[in-house]
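I opened this notebook to keep a record of what I looked up, one topic at a time. The structure comes first and my entries come after it.

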Amino acid sequence: EARRAGAEVPDALFRRAAEALLSKRGDRGRQPYRVEDPGPDSEKNSMSRSALCERALQACGRASRDDVAAAVESFWKFADRLEAVRLCDYHSDGRLAGFFYFHAYLPLAEAIRSLGPGPASEAGLDRIRRRILAVPEWDGSFLDSHEIGKSYGTAAALLILRRATRP
């Protein structure tokens with residue numbers, strides 16, 4: 001994708017980047033903070049990283065469509081947990097934090113788009129749009145964490161909504 005945009009990226013860089021992601025990849029594509037001690041909640045804790053990393057690995061030719069689809073499914077499995085901490089500035093459930101909210105949905109939209117057209121992709125993108133459109137502030141801005149602020153939240157929400165809409 002970088003090359004299609006005109007960037008010159010050496011093949012060796014793609015290989016090293018993919019190897020780095022693969023070296024930390026846990027079972028079913030999990031990307032926990034600490035592979036040596038992922039803990040019992042590692043699938044929940046890596047819900048947004050997994051979709052992002054599987055999509056990157058797919059772009060480098062090192063993950064399949066099914067790997068990306070599994071990461072997307074894992075995200076939705078825990079999406080309500082992320083929703084519950086959306087306005088929290090810290091890891092209020094012991095792992096997830098509100099400032100991950102918009103940060104999680106943008107790579108999710110990218111991952112779903114990479115699956116190609118079809119009913120499952122359209123349903124996933126629609127689900128993202130409904131989630132994001134359900135959380136604006138009274139003034140039309142978006143906020144996932146008071147610590148990060150409305151500017152970030154609003155910009156992220158607009159980008160997510162754009163990526164969650166098929167061209």
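The entries below go from the overall fold to single residues.

**Ground rules.** I am working with a predicted model, in which local features need pLDDT of at least 70 and side-chain atom pairs count only at pLDDT 80 or more, while totals for chains, interfaces and linings use all residues. I number residues from 1 along each chain as its sequence is written, and side-chain values use heavy atoms, with hydrogens and water left out.

**Overall fold.** I looked up the elements and found seven helices and zero strands, where helices (H or I, at least four residues) and strands (E, at least two) are DSSP runs numbered from the N terminus. Of the 167 residues, 41% count as buried, a word I use for under 20% relative accessible area, with exposed meaning over 50% and partly exposed in between (1.4 Å probe, protein chains only). I also noted that, among contacts (heavy atoms within 4.5 Å) with a separation of 6 or more, 58% join residues 24 or more positions apart.

**The core.** Which residues touch the most other members of the largest nonpolar core? I found Tyr105, Ile128 and Ile132, in a core of 31 residues; helix 3 (47-59), helix 4 (65-84), helix 5 (101-114), helix 6 (119-133) and helix 7 (150-163) each give two or more residues to this core. By nonpolar core I mean a set of buried Ala, Val, Leu, Ile, Met, Phe, Trp, Tyr and Cys residues joined through side-chain atoms within 4.5 Å. Setting aside residues up to four places away in sequence, I listed Tyr101, Phe102, Tyr105, Phe142, Ala157, Ile160 and Leu161 as the residues that Ile132 touches.

**Helix 4 and helix 6.** I looked up how these two pack and found an angle of about 5°, with the axes 13 Å apart; axes are lines fitted to C-alpha atoms, for helices over the stretch in contact, and angles run from 0 to 180 degrees between N-to-C directions. Helix 4 and helix 6 are therefore roughly parallel, since angles under 35 degrees count as roughly parallel, over 145 as roughly antiparallel, 65 to 115 as roughly perpendicular and the rest as oblique. Trp76, Ala79, Asp80 and Glu83 of helix 4 meet Gly124, Arg127, Ile128 and Arg131 of helix 6.

**Arg131.** Apart from neighbours within four places in sequence, Arg131 is in contact with Trp76, Ala79, Asp80, Glu83, Tyr101 and Tyr105.

**Helix 3 and helix 5.** For this pair I noted an angle of about 40° and axes 8 Å apart, which makes helix 3 oblique to helix 5. Ser48, Ala51, Leu52, Arg55 and Gln58 of helix 3 make the contact with Ala104, Pro107, Leu108, Glu110, Ala111 and Ser114 of helix 5.

**Met47.** I placed Met47 in helix 3 and found Met47 buried, at a relative accessible area of 2%. Met47 and Val72 lie 25 residues apart in sequence, with 8.3 Å between them in space, C-alpha to C-alpha.

**Val135.** I found Val135 in the loop between helix 6 and helix 7, buried with a relative accessible area of 5%. Its contacts, leaving out neighbours within four places in sequence, are Glu83, Arg86, Tyr101, Phe102 and Phe142. From Val135 to Arg86 I noted 49 residues in sequence and 9.5 Å in space, C-alpha to C-alpha.
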